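Trainee: Could we go through this model together, taking one question at a time?

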Amino acid sequence: MKRTAATLSAGVLLGALVVPTAAAEPDPDLELTGATMNQTSVAVNGLDTVPVTVTVTGSFKQNPKQELTAVLQPQGAHGENLFAALPWVSGTAEHSVWRGVVNVPSMANGQELKLIGAVPQTYASWFWVPWVTTTPVDGPKLTVTGTHIPKVVGVQVEKAVPYNAAFHVKWTITDSATGKPYGTRIKMAAGSAESTCYGGAPVLTGTDGTVVTTGGEFACLHFPGNPAQYYGGVVRPTYIRTVSATPSKTSAKVGTLVPVNGVSAHASGCTVNLQRLYGATQWRTVGSAKVRASARFTLTAQPPYRGKIPYRALVPACGDFAAGSTKPFYIQGV
């Protein structure tokens, strides 16, 4: 089984799953009194972004000239926050003006983004400090229409890898309207763990829109942005499943119930099937059980005829693991 991620096609935005979330309480030193944007709607094509100027007013008693980060939040069920770095422009501790740009991508198609507040830090600092809070403001809304939106698909190169081993993902970026690559090399950012997914290493696709990256906990590929990257896709690795099983008896009378005890790591709660060989190549399931929290399981075989009967235990694809089975073992029906 190969794990894939197909995201950022029209109307399908999963970035909200990976965007940092600010705490509910506002910063006591920051007070926002107003917010504006120089546009109420934008049309964005393909790999382009459209700059929209964001201005907020207020006071920040702790450090009046501290740069802020504005937060634009989608008002629908799906979408990803956008951010604008707002340098201090003018004013005093009692009344200041901050102004910057939010770069709107076509992937925000169909969203209505509301300027909901700001944080008194740069984006990078805010992302890694979870206790930083968002000071609210009743800001304007921005409607986004995107065309020729990039679609990102990631496919694990290896069928499966050992648990916790590195893996590789082939990414393909195409125009969702035409199904074809853009015909240009695209700058992206790649990561292999939570700590590197945002602010990942720069990579460059070929003109065919493909690039291969290495993953660890997972692999991610994002569109670079300022100040924040925009979600592209995430692929979790598919691991090799290990299964072992041993019958309590190697021979038994026909019709006798024979416990088969086994172990499958990282398979708690997964189904495990006891299979018997029919003919030369056809394995059929003759019993099932669940893998316990201890990673152990017990199946029950019942020899249907006299002779040497081949069995195996199979755990189908489950969680982040591919299907795995034991080597054949035998119970002699007597």
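Trainee: Where is Lys180 found?

Mentor: Bear in mind throughout that this is a predicted model. Strand E13 covers residues 167–175 and strand E14 covers 187–191, and Lys180 is found in the loop between strand E13 and strand E14.

Trainee: Does Lys180 count as buried or exposed?

Mentor: Leaving aside its neighbours within four places in sequence, Lys180 is in contact with Thr174 and Asp175. The term exposed requires over 50% relative accessible area. Because its relative accessibility is 57%, Lys180 counts as exposed.

Trainee: And Ser264, is that residue buried or exposed?

Mentor: Ser264 has its place in the loop between strand E21 (258–263) and strand E22 (271–278). When neighbours within four places in sequence are left aside, the residues in contact with Ser264 include Val243, Val291, Phe297 and Val315. Since its relative accessibility is 0%, Ser264 counts as buried.

Trainee: Which residue has its backbone oxygen 3.0 Å from a polar atom of the side chain of Ser264?

Mentor: Arg241, Thr242 and Val243 are among the contacts of Ser264 beyond four places in sequence. The backbone oxygen that lies 3.0 Å from a polar atom of the Ser264 side chain belongs to Thr242.

How values were computed:
Residues are numbered from 1 along each chain as its sequence is written. This is a predicted model: local features need pLDDT of at least 70, side-chain atom pairs count only at pLDDT 80 or more; totals for chains, interfaces and linings use all residues. Side-chain values use heavy atoms; hydrogens and water are left out. Helices (H or I, at least four residues) and strands (E, at least two) are DSSP runs, numbered from the N terminus. Buried means under 20% relative accessible area, exposed over 50%, partly exposed in between (1.4 Å probe, protein chains only). A polar contact is a pair of N or O atoms within 3.5 Å; within protein, one must be able to donate a hydrogen and the other to accept it, and residues adjacent in sequence count only if both atoms are side-chain atoms. Contact means heavy atoms within 4.5 Å.
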